[in-house]
Amino acid sequence: MTQAANSDTDNLAPKEAMPSVIAQQAAMLDALPFSDTADFDDASRGFLGTLENAAITNAQGRVVWSLEAYGFLAEEKAPVTVNPSLWRQSRLNMHHGLFEVVPGVYQVRGLDIANMTLIEGEGGVIVVDTLTSIEGARAAMELYFQHRGRRPVTAVVFTHTHTDHWGGARGVLDDETLGKRDVPIIAPNLFMEHAVSENIIAGPAMLRRAQYQFGPFLAKGPRGQVDCGLGKSMAAGSVKLLRPSDLIMETGDKRIIDGVEFEFQMAPNSEAPAEMHFFVPRYRLLNLAENCTHNFHNLLPFRGADVRDALAWSKYLGEALQMWGGKANAMCGQHHWPVWGRQRIDTMIRQQRDLYKFAHDQTIRLMNHGLTATEIAETIKLPASLEGAWHGRGYYGHIRHNVKAIYQKYLGWYDANPVHLDPLPPVEAGKKYVEYMGGAAAILDRATKDFSNGEFRFVAQALSHLVFAEPDNQAARALLADTFEQLGYAAESATWRNAYLFGAQELRQGMPKTPARPPMPRETLAALRTGQLWDVLGVRLNGPKAEDKHIVLNWSFTDTRESFVLTLENCALTYIEAPPASAADASFTLARSTLDELIAKQTSFPEAVAAGKIKLTGNAMSLAELMSLMDEFPRMFEIVEPKRTAVS
């Protein structure tokens, strides 16, 4: 290999930690109570058995989950390229298998980013949350049966609306079970409205951004992805949604499920739009879903979401203490490991309650003093009692970005400084910054010196302007990648680390090559209201292409007895649920299930018409004209550099 080729390879490879980062890691070791190993005892307590490397494959032999690549975490001492606090959390999240929480209550952990909780009843087992994938859920159930004996599933409980808690439901309840008997599926009120809708409208953008949050394309290792905070990573595999048959409507609701009493507490608009907690008196077991886990959670995940309500979150934890304080002998959540002992449980809930309340109140206090989101993040410091609590550390959320979410919730994106009201976009601004700073060479000279001094945050800001002005400037890309990397090495938050390291990787190697986005699964489509499907269609409409277009379409659905009028005018696609419009360009009569088949690309429009599944009158080409105005969203788009393809 030539010297130039060696140099190119070196530029693409992860680098060593800089002295300033090594010093930060040492300071972290001195600042936190690493001698406290209670979490390690709790994470291993009750272990019954596991799968080798937690490996799970699908029917085609493809690995959908495995911890084998994380074997490097067997080392107790953190390498200098990983924040030691994050290293500790990453090692805790390596515990995997079936665990007894108390006799009669079990958890499968480490076969997914989330947990499955299994509560034994009079005639079978109640499954709380079904993991992300069908394959993972099947493996979890088989592991449980192996150690506890085969018994029927008598109920499924979904604690909240995120996919990693319901996606594997068909791995718990197969066709034979569903065909033979009614198994109650219990969930919080408005579960179906939120379970898929949260990721539908902005799904393409959110999925791309999630690559930065979770780091799935990063190599696993001390210079790569080590964790996600909540668990190791997102699972692959098949996902299908089962519709709940019983909704919990309000706090205080109770159910007798397979002879076991459950007491419920509603917690909407906390970690998820629809979420609930429960207490099981028989087992003295408290489950706070994902609202009291072993890290400071996200108020606004990097993938994007509605800002979560920190004040409500805190109040729900306070209410849980009021309802069940001093009653639980064990508390298990749907991520991480349980906590035992009434005093320890109540202390953790109080500290988590106050963590969200402190973040909320102090952000608002500083906001009302006139500080902006960035200034608040730079100013706010957790009190010592929370700073030293391991379960309050920012491995997933972080105080520095959670306060910005709170600011956004109350005041929005604008900080009231008119300079930020209508700034130039990144490329145009980048070119002017480069001009003002004396050109690329001058920027690189200053940035190289500041990089050596450990001033990574400003170096990243300055070099980003240069990369957006000159995206093919290899020296700028390389130095910005090196800078992101050092910021990632120092980060205590797993999501920060993943974002920085993936940004560095894309600057060095470009975006990963990925297959085309598959059609939306029919089961997911069936879970959406028809109006939600029209909303999804509306955001695909290319406004400039629709200039001067006017199209009216009637849609009548025979199975749901719905009737909609879809109208394109003023470059906007709107709809009303109403009888057919007399002046429509075309009218379509079909089953809603047929529309689902069309969108899932299980059939085509001509095939459905030929099969008699669709009856139409009027100008059939009007639908083709409307669909010709729709955008197909790319799976990948540039984030740390300018868009290579113009979008209008």
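In the predicted model, helix α11 (residues 342–368) and helix α14 (residues 399–411) cross at roughly 65 degrees, and their axes come within 9 Å. Helices are DSSP runs of H or I with at least four residues, numbered from the N terminus; axes are lines fitted to C-alpha atoms over the stretch in contact, and angles run from 0 to 180 degrees between N-to-C directions. The crossing of α11 with α14 is right-handed, the near helix being turned clockwise from the far one by less than a right angle. Ala359, His360, Thr363, Ile364 and Met367 of α11 meet Ile399, Val403, Ile406, Tyr407, Tyr410 and Leu411 of α14, where contact means heavy atoms within 4.5 Å. This contact of α11 with α14 comprises nine nonpolar, two polar and no charged residues; Ala, Val, Leu, Ile, Met, Phe, Trp, Tyr, Cys and Pro count as nonpolar, Asp, Glu, Lys and Arg as charged, and the others, Gly among them, as polar.

On α15 the contact involves Pro426, Val427, Gly430, Lys431, Tyr433 and Val434, and on α17 His465, Leu466, Phe468 and Ala469. Seven nonpolar, two polar and one charged residues make up the contact of α15 with α17.

Two cavities of 30 Å³ or more are present in the structure. A cavity is a set of points, on a 1 Å grid over the protein atoms alone, where a 1.4 Å probe fits but cannot get out, and lining residues have an atom within 4 Å of a point. Volume is the space filled by probe spheres set on the points, which are joined across faces, edges and corners. The largest cavity holds about 130 Å³ of space. Its lining consists of 16 residues, with Asn93, His95, Arg109, Gly110 and His336 nearest the centre; by class, seven are nonpolar, six polar and three charged.

The second largest cavity holds about 70 Å³. Cys292, Thr293, His294, Met331, Cys332, Gly333, His335, His336, Trp337, Pro338, Val339 and Met348 line this cavity, and they divide into seven nonpolar, five polar and no charged residues.

Residues are numbered from 1 along each chain as its sequence is written, and side-chain values use heavy atoms, with hydrogens and water left out. Local features of the predicted model need pLDDT of at least 70 and side-chain atom pairs count only at pLDDT 80 or more, whereas totals for chains, interfaces and linings use all residues.

How values were computed: 1 Å grid on protein atoms, 1.4 Å probe; cavity = no way out; pocket = protein on both sides within 12 Å on 5 of 7 lines; lining within 4 Å. Helix = DSSP H or I, 4+ residues; strand = E, 2+ residues; numbered from the N terminus.
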